[in-house]
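Me: Could you walk me through a helix and the packing in this one? I'd like the terms spelled out as we go.
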Amino acid sequence: MAVPGRAALPAARPSRRGGSGSGTGATWRTTARFKVVFSHGFTGSRLDSLRASPEVAEELGVYMVGFDRAVYGESEPNPARSVESAALDMADLADALGLGDKFYVVGFSLGCHPVWGALRYIPDRIAGGAMLAPSCLPLPTSTVVANTTYLPNKRDAEIRRTLTADGTLRKKREMATQQGIQESYYRDMAVMFGKWEFDPMALPEPAKGCPVHLWQGDEDGLVPVALQRHVAGSLGWVNYHELPGTGHFLSAVPGLGDTVLRTLFG
């Protein structure tokens, strides 16, 4: 479930947000055992989520909030946006919502750069994290924007056909690009695939009790599985979960959202 609202970030940059879990509003935010900030992927919005079942979220005591990342949807633009500012936006959102000193971060695809940024710039605020098909390499810009990239996984290809036919992809694009495609899509890629101020493969191991998990399908046509195998081989503290016969659209994998929550909090 999702409840829209606005959270004022520094420099008067409000971010449109949506909360999910077994309950909503201030009561559930304060009583939930685990607080999670979810970072949507390329072309996404605050309405994206892990698609975990409300029953599992309630059982584990999880509150998760998604938000429109800078220049997406109804968030205000940030001309100076960077990997660091993306991480700080999550911390500012957590503070605006009263999520406490520590919170969890979860990201999908291109939306994982704020998670990497959080591990680098605000490690003292992070209780744990999960990345689903994180992208660290430049994507074929024209085909990704046009949704024409070849998808070798049958489920991915069918999902794209269905969402194209019923107009869902068009609606998602309209929601994401309210400030123009240049400001949303292309600036997002510029931050993700530009020069970072740190090397993710050189990050130190997070503090004890701060687990980091990574899920990747071995038939992903957008983010190569070889990339994640390299990440897992370079960072021994990353708990790597490779999904056989699975593509890029991990939120559509039956039960995976529940698995992610149980792995982090079970």
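Reply: Buried means under 20% relative accessible area, exposed means over 50%, and partly exposed lies in between, with a 1.4 Å probe and protein chains only. This is a predicted model, in which local features need pLDDT of at least 70 and side-chain atom pairs count only at pLDDT 80 or more, while totals for chains, interfaces and linings use all residues. Residues are numbered from 1 along each chain as its sequence is written, and side-chain values use heavy atoms, with hydrogens and water left out.

Me: ok, which residues of H6 are buried?
Reply: Asp156, Ala157 and Arg160 are the buried residues of H6. They sit on the same side of H6 because they cover an arc of only 100° around the axis, the arc being that of the directions from the helix axis to the C-beta atoms. Helices are DSSP runs of H or I with at least four residues, strands are runs of E with at least two, and both are numbered from the N terminus.

Me: and which are exposed on the other side of H6?
Reply: On that other side, Lys154, Arg161 and Ala165 are exposed.

Me: what do the buried ones pack against?
Reply: The buried residues of H6 pack against helix H7, residues 168–176.

Me: switching topic, which residues touch the most other members of the largest nonpolar core?
Reply: Val37, Phe42, Phe103 and Trp116 do, in a core of 48 residues; such a core is a set of buried Ala, Val, Leu, Ile, Met, Phe, Trp, Tyr and Cys residues joined through side-chain atoms within 4.5 Å. Helix H3, residues 83–97, gives the most to this core, with seven residues.

Me: what else is there apart from it?
Reply: Another core, of 25 residues, lies apart from it, and Leu50, Phe108, Val253 and Val260 are among its members.

Methods. Contact means heavy atoms within 4.5 Å.
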